[in-house]
Amino acid sequence: MFKLSDEILQALQDATPTGFDQVSERRWVSEPRNAIRRIIEFQALKGAYYSARWGFSVDFVPRLRSGRLSWKRSLKSADFDLTIDPIDIEGAATDWCSFPFDVKIRDARKTVDDVKRVASLDLASIDTINDLLDLFKRRSEMKFRRFGLANYIQTDIAWGLSQLAAGEVVEGSDRIARFCEQFEIDPNSAILTKARAEALQAMGNGNA
């Protein structure tokens, strides 16, 4: 892993919208609103490149790692349930969202400006669980040159639990069942049972 200069790291900080807390050197997370946290991150790629991605983490959705579900409802543990990665559309890292570790600061600042403009629009467009469901649907209908929704492990559990929260109980339950079958998760596990209950509670509280 190459070490980015302090000047470049400060430039990355400038890409972050207002109201985000830095949780690691290249990741920032917001406090939840309607159970949704927003994330922006500059991920490390092969070839000593860094590239921006952003998206959403839902507090009542557990994450799957190494075959086990766990909670991710804090600033530090928040993780992507829905990822917006420009490389998925572009097919490769491009200058507007990516840069090499030895990038010149003027070029880094141009990338940062472009990322902030695009990411801020996407992140600000999602306020409720219903908004997030609309985004899942729109992205499921898009054509990608790299990864689509089906390539992301969190898709069905996050989409399904969000459907429960929005009152789409049959559709959400079916999607969660597919997730459990695909990844050999006990559908009656304590953590998934609690996740369902919290999603339904969100519906009852009008937080969708």
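Trainee: Is W96 buried, partly exposed or exposed?

Mentor: W96 counts as partly exposed, at 24% relative accessibility. Buried means under 20% relative accessible area, exposed over 50%, and partly exposed in between (1.4 Å probe, protein chains only). Keep in mind that this is a predicted model, where local features need pLDDT of at least 70, side-chain atom pairs count only at pLDDT 80 or more, and totals for chains, interfaces and linings use all residues. Residues are numbered from 1 along each chain as its sequence is written, and side-chain values use heavy atoms, with hydrogens and water left out.

Trainee: OK, aromatics next. How many aromatic pairs are there in the whole structure?

Mentor: A search finds 7. Rings of Phe, Tyr and Trp (its six-membered ring) pair if their centres lie within 6.5 Å; planes under 30 degrees apart count as stacked, over 60 as edge-to-face and the rest as tilted. One of them is F42 with F99, a tilted pair at 6.1 Å centre to centre and 50° between the planes.

Trainee: Where do F42 and F99 sit in the chain?

Mentor: F42 is in strand β3 and F99 in strand β8 (residues 98–100), 57 residues apart. Strands (E, at least two) and helices (H or I, at least four residues) are DSSP runs, numbered from the N terminus. Both F42 and F99 are buried.

Trainee: Back to W96. Why is its pair with W54 called edge-to-face?

Mentor: The ring planes of W54 and W96 are at 65°, with centres 6.4 Å apart, so the pair is edge-to-face. W54 is in strand β4 and W96 in the loop between α2 (86–90) and β8, so the pair ties together parts 42 residues apart in sequence. W54 itself is buried, with a relative accessible area of 1%.

Trainee: New topic: which residues of α4 are buried?

Mentor: I129, L132, L133, L135, F136 and R139. Looking down the axis of α4, these buried residues fall within an arc of 160° (taken from the directions from the helix axis to the C-beta atoms), so they line one face of the helix.

Trainee: And what do they pack against?

Mentor: The buried residues of α4 pack against β3 (36–45), β4 (49–58), β7 (82–84) and α5 (155–165). Contact means heavy atoms within 4.5 Å.

Trainee: Last one: what sits over the ring of W159?

Mentor: The charged end of R175, 3.7 Å from the ring centre. A charge sits over a ring if NZ of Lys or CZ of Arg is within 6 Å of the ring centre and within 35 degrees of the ring normal. R73 also lies over the face of W71, at 3.8 Å from the ring centre.
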